[in-house]
Amino acid sequence: MHCCRRAIASGCSQFFPAVSRVRFASGVSPLGRRPTVPAATSEAAMKYILVTGGVISGVGKGVIASSFGTLLHACGINVTSIKIDPYINIDAGTFSPYEHGEVYVLDDGGEVDLDLGNYERFLDITLHRDNNITTGKVYKQVIERERIGDYLGKTVQVVPHITDAIQEWVERVAKSPVKGDVTPEVCVVELGGTIGDIEGMPFVEAFRQFQFRVKRENFCVAHVSLVPSPRSTGEPKTKPTQASVRELRGLGLSPDLIVCRSEKPIGNEVKDKISNFCHVAPEQVICIHDLSSIYHVPLLMDEAGVIDFLSERLQLNLPVRPARFMQSWRDLAERVDNVYKKVNIALVGKYTKLEDSYASVSKSLLHASLAVGYKLNLKFIEACHLERQTKQETPHLYYEAWQSLTNSHGVIVPGGFGSRGIEGKIRACQWSRENKKPFLGICLGLQAAVIEFARNVLNFENANSTEVDPHTAYPMVIDMPEHHPGHMGGTMRLGKRTTIFKDEKSKIRQLYNNVSQIEERHRHRYEVNPDFVAQLETRGLKFVGHDSEKTRMEIIELEGHPYYVATQFHPEYLSRPLKPSPPFLGLILASIGKLDTYLQQGNKLSSASSAHVTSESSSDDDAALFSTNSLLKKMQLNGKPKAGSPLATIGDGAEGSAGTSTKCNGTHVADCAHESK
């Protein structure tokens, strides 16, 4: 009797299959909860690929999940992605960059995990805030439903209410179009964390149930696990993977594919051992070692037969791949390895101890560099190391930072929060302006450039942002009306907004093909004070772009400078491997001395070798090629790196003066992403 009562409370379909799968006329099941709607309809069933991780976090699940989508997309399959983060936060908006890396912003203003940036860049799709599921979101939804009586007074529990909510969320979001109005056919779901984490247990249980809800032919599991090679022996060890798979199977999910991550390639002997002890066929063990770039991962998975397996396992019925399958992606991967001329870019940031804090910025610089045929040499500079106080306390850090800055071909100052390091960013802006060094400022970078110009050109002594100095006599940057002090989550100006160009000629407008307006994603609480715009423009700092109400300054460009541009929006969020973002492309072109030629030629690169990676290229070429050449045979990956020598760096420059410094003493609580900008 006790077992039956427990089965009823859990809504276990094993005991009551009819009850759990039938929609009743009243709309409510006898268990007092919303019934499970069968997945089977007249439409083609949605296919799901669940990607889990084992042994350690950060094993590369995001890139593997993106690669699954890339391969299927190249086959003409419409793919969407969902990232599940088991933390209790509602979203990623209040995270410190030191802990989780950058906060990625979507068109609808959703602040999400950086892995969604990988999905958008790999698949060239537009995701929504609901494509990122967190424990906080799920519990908030269930609690709100309980408050309005949706559960008819029943005890609300993890099973079935939380697990049902997770399944319903996945099914609903999987059907949302992410490219035009086309309904996706395959949904790749990445479960964050590591199998066995207590935070992820409700999600694992939800997918244990979900595999029966959508039927076996529509659901498969790919488990990504680490295969370490201890330095003492140099031999790959399979025990961690065996233990991880055993735990996953014990929780009710059996992996269909095991993706083994390793530092170096592992042989068939290790692969066969994993196959034998983890109850999968050898062809279901995919080995992905550390590669020269992430763009090789889809190609390596293709060679391992992933597409053939997915086609059979999920009954996708894909035709034979053409000879030039994944050719544009193959060209991109080979290009990363083969370019030899270097362009040195200095990134002056506040969170440089964790490079993932600037993941999208780094990727955007890489996209632009590859488009012009140069290898990116990105140097991260801690902003506070450029300040005079650092010179007094730790001189070696000060001189190292300035040496890196002066040896760069171009400078980028990205966004940030709080007052720490702001003076270092201002000094970097001044050095770039005075030495005519190509410069791109983003968000806080624009604000720093405006403050620097006011101090040193307009002679507004101690001009500042009210974020740093609320009582400054010259508030060049002020908070926006939408800013709500004390409530940090989701209160910024977020998401895609329109920027309108002024009629006057500007390099940044030319880079955007002389369109009258653009749409880019925003994430900020502070903006340029419109009361000072006229004075700034009189001295040559032009505000060439503004919002639709003409009250918010969006883009600045300095007259008489090779390239001194800053944007209030974040152009890095819309950069794609085959479609570099215009502001980043302008910075790289100016850094190698080719911007004027590029603009004079109508935004066309003169080098024939760069033609296939310009902004006119599209990852959809592969899908089109696949559909029109389905009877051709697959071409194997080949190609050898080209020989060459690196490009010499430029000489040193002057430091310039700056205002008052703020102390740099490591990680600050005030640097969390929810701090004011």
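In this predicted model, helix axes are lines fitted to C-alpha atoms over the stretch in contact, and that idea opens the first close-up.

**View 1. Helix H3 meets helix H12.** Two packed helices are described by the angle between their axes and the distance between the axes. Here, the axes of H3 (residues 61-74) and H12 (residues 306-313) come within 11 Å and cross at roughly 80°. Angles of 65 to 115 degrees count as roughly perpendicular, so H3 is roughly perpendicular to H12. Look for Phe 68, Leu 71 and Leu 72 on the H3 side, which meet Val 306, Ile 307 and Leu 310 of H12. Sorted by class, this contact has 6 nonpolar residues, with no polar and no charged ones.

**View 2. The second largest cavity.** Rolling a probe the size of a water molecule over the atoms shows where empty space is left. Across the whole structure, a search finds 9 cavities of 30 Å³ or more. By class, the lining of the second largest cavity has 6 nonpolar, 7 polar and 1 charged residues.

View 3. Arg 129 sits in the loop between helix H5 (115-123) and strand S5 (132-134), while Asp 108 sits in the loop between strand S3 (104-105) and strand S4 (111-112), so the pair ties together parts that are 21 residues apart in sequence.

**View 4. Two spots with backbone angles to notice.** Most residues other than glycine have a negative phi, and most peptide bonds are trans. In helix H7 (residues 158-174) you will find Pro 160. The peptide bond leading from Val 159 to Pro 160 is cis, with omega near 20°. The other spot is Asp 124, in the loop between H5 and S5. Asp 124 is a residue other than glycine, yet its phi is positive, near 55°.

How values were computed: Residues numbered from 1 in each chain as written. Predicted model: local features only at pLDDT ≥ 70, side-chain atom pairs only at ≥ 80, totals over all residues. Heavy atoms only, no water. Axes fitted to C-alpha atoms, helices over the stretch in contact; angles between N-to-C directions. Helix = DSSP H or I, 4+ residues; strand = E, 2+ residues; numbered from the N terminus. Parallel < 35°, antiparallel > 145°, perpendicular 65-115°, else oblique. Contact = heavy atoms within 4.5 Å. Nonpolar A, V, L, I, M, F, W, Y, C, P; charged D, E, K, R; others polar. 1 Å grid on protein atoms, 1.4 Å probe; cavity = no way out; pocket = protein on both sides within 12 Å on 5 of 7 lines; lining within 4 Å. Points joined across faces, edges and corners; volume = space filled by probe spheres on them.
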